[in-house]
Amino acid sequence: FFVNSSEASARKIPETLFGIFFEEINHAGAGGLWAELVNNRGFEAGGQNTPSNIDPWSIIGDGSSLIVATDRSSCFDRNKIALRMEVLCDGQGTNVCPVGGVGIYNPGFWGMNIEQGKTYKVVLYVRSLQSVNISVSLTGSNGFQTLATANIIAADISTWTKAEVLLEAKETNHNARLQLTTSKKGVIWFDQVSAMPLDTYKGHGFRNDLVGMLRDLKPQFIRFPGGCFVEGEWLRNAFRWKETIGPWEERPGHFGDVWKYWTDDGLGYFEFLQLAEDLGSSPVWVFNNGISHNDQVASAIIAPFLQEILDSIEFSRGDSNSTWGSVRAAMGHPEPFHLRYVAVGNEDCGKKNYRGNYLKFYYAIKQAYPDIKIISNCDGSTRQLDHPADYYDYHIYSDASTVFSLARKFDHTSRSGPKAFVSEYAVTGKDAGTGSLLAALAEAGFLIGVERNSDVVEMASYAPLFVNANNRQWNPDAIVFNSFQLYGTPSYWMQHFFTESSGGTLFNSTLQANSSSSLVASAISWQNLEDNKNYIRIKAVNFGSNTVNLKVSIDGVEPNSFQSYGSTKKVLTSSNLMDENSFKEPNKVVPVESQLEDAGEDMEVILSPH
Ligand code: AHR
């Protein structure tokens with residue numbers, strides 16, 4: 001493997017090359033990255049219908065002690081459903097309430113993670129025509145172990161009243177629930193019940209441990225919020241950004257009908273932009289262009305959708321005096337967000353109205369915001385697009401051999417025209433299981449091809465990013481979690497080998513191997529801002545089952561650099577190609593770093609199988 005490290009033949013890698021793609025799939029956000037513990041906080045999961053679907057709320061008590069129903073009496077116009085709880089028992093008399101009282105509980109998303117010493121903020125809206133004494137408690141899953149409790153005692157709450165309590169947990173329970181109970185006869189209405197840990201990433205509502213996994217990838221961009229989630233099976237269930245902003249209590253929530261679950265939309269358009277800012281990534285906003293899986297808006301009447309998207313850009317970028325910029329400012333972010341990329345739909349290219357709709361969005365956005373880069377859903381890798389675009393989407397899900405062989409995919413694509421955005425790639429099917437070493441190796445080979453072709457491929461992201469282990473709708477995924485545990489799949493760790501690539505320098509290099517070789521390699525350099533030194537990284541994937549002795553020659557390195565600075569090697573492998581990580585063995589397949597003893601301008605490196 002010959003590496004020419006002279007400046008003259010080197011090429012700058014785009015700053016944006018490697019990023020992440022967040023989709024609300026597998027409860028990635030609701031019950032995942034978004035730290036809200038209550039599931040269905042407004043009792044709205046059935047939509048605007050009554051009786052509504054209050055699942056997973058459940059009742060503490062029986063028919064002789066309380067009657068629970070929903071009605072449309074909420075003080076919030078966009079989510080009218082409230083819970084009406086008629087307590088028939090009392091502290092004394094003929095129908096005495098059971099010990100601990102009666103009421104309702106919410107188990108969160110397969111159990112709430114409550115940790116000793118941490119504080120949780122519970123906010124709820126309540127109304128009653130009588131005085132109330134309500135216990136707000138975090139308990140174990142059967143209600144017996146009280147982790148924290150406080151009382152809301154009020155004489156007059158005949159109009160809707162916001163109540164707030166801080167609960168400090170005195171014990172840990174990863175499968176806890178939130179209870180609202182009373183032993184006092186009367187009728188109480190509840191609405192918009194939230195429980196959040198006080199400690200979230202930058203205080204912005206994101207689960208610290210999960211954001212940490214993202215931050216470690218140094219993502220240059222974050223594509224959001226889907227995926228199919230953006231499209232919906234039907235337009236009526238698509239992601240509509242205006243329904244996801246403003247005070248959380250006023251958000252209607254929606255049923256994501258592709259992945260088949262309700263989201264309260266606490267993680268809305270604003271929060272995605274905030275997450276991008278917190279990660280130092282460029283937001284890539286994928287919006288619905290009037291097309292779902294099953295219905296489409298004709299291009300002639302697309303104007304309302306178009307206006308909605310222009311408004312979304314103003315919300316993100318407009319100054320705080322603009323109509324939508326002022327809404328953003330009121331949410332606590334007077335400075336604009338740096339939105340520079342938008343994608344017109346997701347996987348919609350083949351649909352009848354796509355080109356017509358796309359062109360309307362393209363010209364209107366370019367006119368208002370000439371610097372915004374627009375991404376088309378149509379694949380321009382094999383033939384030129386028939387419409388203007390800055391980028392074209394390329395998605396690839398396939399078996400390991402196919403994905404590995406696609407390392408060469410962009411070698412022969414046109415060097416002019418829109419750049420490629422590989423916005424979803426992964427090995428899927430039996431080669432991948434729920435995240436195998438084999439999948440990661442094939443993807444690593446593919447990404448080396450992406451890196452080598454980064455004159456035409458400017459952005460790439462793995463998909464999907466997250467899976468809540470209790471709701472595996474799509475396998476494999478990069479990060480697996482439950483209420484309190486998490487681990488990266490080999491595909492997650494594979495991405496760590498590329499964290500210095502974006503904005504680095506790609507060296508001209510030649511791999512002398514036969515054409516059927518299961519070896520790919522690249523060499524890059526980058527400057528470490530902490531010590532101001534330049535580093536070289538050579539990446540090689542041995543996709544085959546034979547050991548390879550790789551001879552590496554690096555031209556043009558300052559004499560003695562290897563001796564003065566030292567070198568390390570990092571290896572991702574395992575004894576079995578199908579090995580996976582798990583909650584039990586989170587580090588079975590992770591990169592192992594060690595000193596590279598004989599590093600030099602000419603060296604021999606042994607690449608074991610896989
Ligand atoms: O990543 C999972 C799904 O795969 C995405 O929602 C969609 O874009 C693709 O089909």
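A residue counts as buried if 20 or more other C-beta atoms lie within 10 Å of its own. The legends below describe a predicted model.

**View A. Helix H3 and its buried residues.** Helix H3 spans residues 269–279 and is mostly covered, with nine of its eleven residues buried. These are Tyr 269, Phe 270, Glu 271, Phe 272, Leu 273, Gln 274, Leu 275, Ala 276 and Leu 279. The cover over them includes helices H1 (208–215), H4 (303–317) and H5 (323–330), along with strands S15 (221–224) and S18 (282–287). Gly 280 follows H3 and has a positive phi, near 70°.

**View B. The largest nonpolar core.** This core holds 115 residues, of which Ala 442 and Leu 465 touch the most other members. Helix H8 (residues 437–452) contributes eleven residues, the most to this core. Because domain 1 (2–12 + 506–607) and domain 2 (20–35 + 200–495) both supply residues, the core lies between them.

**View C. Surroundings of Leu 465.** Setting aside residues up to four places away in sequence, Leu 465 touches Ile 20, Phe 21, Phe 22, Ala 28, Asp 477, Ala 478 and Ile 479.

**View D. Confidence at helix H10 and strand S25.** Mean pLDDT is lowest in helix H10 (residues 561–565), at 80, and highest in strand S25 (residues 479–481), at 99. The protein averages 96, and 100% of the residues score at least 70. For the complex, the predictor gives an ipTM of 0.99 and a pTM of 0.97.

Note on methods. Residues numbered from 1 in each chain as written. Predicted model: local features only at pLDDT ≥ 70, side-chain atom pairs only at ≥ 80, totals over all residues. Core = buried A, V, L, I, M, F, W, Y, C linked by C-beta atoms within 7 Å. Buried ≥ 20, exposed ≤ 12 C-beta atoms within 10 Å, placed from the backbone. Helix = DSSP H or I, 4+ residues; strand = E, 2+ residues; numbered from the N terminus. Domains from an automatic or database assignment. Contact = placed C-beta atoms within 7 Å. pLDDT = per-residue confidence, 0-100.
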